[in-house]
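Subject: Structure handover

Hello,

Here is the structure I promised to pass on. Please open it first, then read my notes below.

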Amino acid sequence: MSKVRAHISTSLDGYVAGPNQSQEEPLGEGGERLHDWLVALKAWREPNGMEGGEENASSPVFAEVLANIGAEIMGRGKFGPATRGPWGDDPWRGWWGENPPFHKPVFVLTHHEREPLILADTTFTFVTDGIEPALERAQAAAGDKDVFIGGGADVINQYLAAGLVDELELHVTPILLGGGARLFHEVGPNLKLEVLRAIEAPGVAHLKYRVVK
């Protein structure tokens with residue numbers, strides 16, 4: 001049976017992006033450090049045309065979080081640009097160039113209508129009628145595979161608060177950001193999580209939970 005899954009890197013003080021997000025620093029001040037553990041991996045570097053890289057306890061975790069994903073949902077903040085707002089006459093095409101790394105249907109939550117954007121083998125569909133219609137469309141596109149809630153924090157928080165996530169994995173990095181986009185903000189006390197596993201790795205702890213419904 002297919003699942004709705006989310007995974008995201010977070011600081012020790014609960015932020016998944018730092019303060020003052022901008023076009024130059026889309027993850028805010030200090031936010032890039034959240035992904036140092038990932039950028040160090042050979043499994044991440046090779047598909048991005050980079051040499052070298054490590055194989056460590058994070059390698060199988062990274063392989064697992066990518067496996068069996070048939071569609072992704074992301075917020076306008078992740079797709080960009082940092083200014084958000086109306087798309088304009090020359091609409092933004094994402095942070096990833098002409099060959100985005102998704103290779104699957106992506107559904108972007110936004111308040112502003114836009115025709116689908118096709119880049120290589122990724123189609124971005126812009127959804128304006130809320131998180132549940134976006135999930136329905138993503139599940140239809142994914143078929144028997146899982147749907148990944150790709151962030152940012154606001155989108156994951158909305159799906160958690162609505163009880164629509166089956167599994168959540170946090171990649172907890174030993175840094176403090178002091179502000180920014182906070183995971184679990186206004187999710188409420190009704191969210192119940194069961195620990196599935198905890199893995200220690202260089203520069204990160206991987207904590208995987210099942211959402212108890």
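Is lysine 42 buried, partly exposed or exposed? Lysine 42 counts as partly exposed, because its relative accessibility is 31%. The cut-offs are under 20% relative accessible area for buried and over 50% for exposed, with partly exposed in between (1.4 Å probe, protein chains only).

Some ground rules. This is a predicted model, where local features need pLDDT of at least 70, side-chain atom pairs count only at pLDDT 80 or more, and totals for chains, interfaces and linings use all residues. Residues are numbered from 1 along each chain as its sequence is written, and side-chain values use heavy atoms, with hydrogens and water left out.

The sheet

Nine strands make an open sheet with mixed pairing. Their order is E5-E6-E4-E3-E7-E1-E8-E11-E10. Strands (E, at least two residues) and helices (H or I, at least four) are DSSP runs, numbered from the N terminus. Two strands pair if DSSP finds at least two bridges between them. E5 (117–119) and E10 (192–201) each have a single partner strand, so one side of each lacks a neighbour in the sheet. From one strand to the next, the twist averages 20°.

Leucine 119 has threonine 122 in E6 as its bridge partner.

Helix H5 (residues 131–142) lies across E1, E3, E4, E6 and E7. H5 runs at about 155° to E3. Such angles run from 0 to 180 degrees between N-to-C directions, with axes fitted to C-alpha atoms, for helices over the stretch in contact (heavy atoms within 4.5 Å).

Salt bridges

There are twelve salt bridges (a side-chain nitrogen of Lys or Arg within 4 Å of a carboxyl oxygen of Asp or Glu). Lysine 42 pairs with glutamate 46 at 3.8 Å, N to O. Glutamate 46 is exposed, at 52% relative accessible area.

Arginine 197 bridges to glutamate 169, with the closest N and O atoms 3.1 Å apart. This pair links distant parts of the chain: arginine 197 sits in E10 and glutamate 169 in E8, 28 residues apart. Glutamate 169 is buried, at 4%. Arginine 197 is partly exposed, at 22%.

Glutamate 194 and arginine 210 meet at 2.5 Å, N to O. Glutamate 194 is in E10 and arginine 210 in E11, 16 residues apart. Shared partners also join Lys3, Glu64, Glu167, Glu169, Arg197 and Lys208 into one salt-bridge network.

Best wishes
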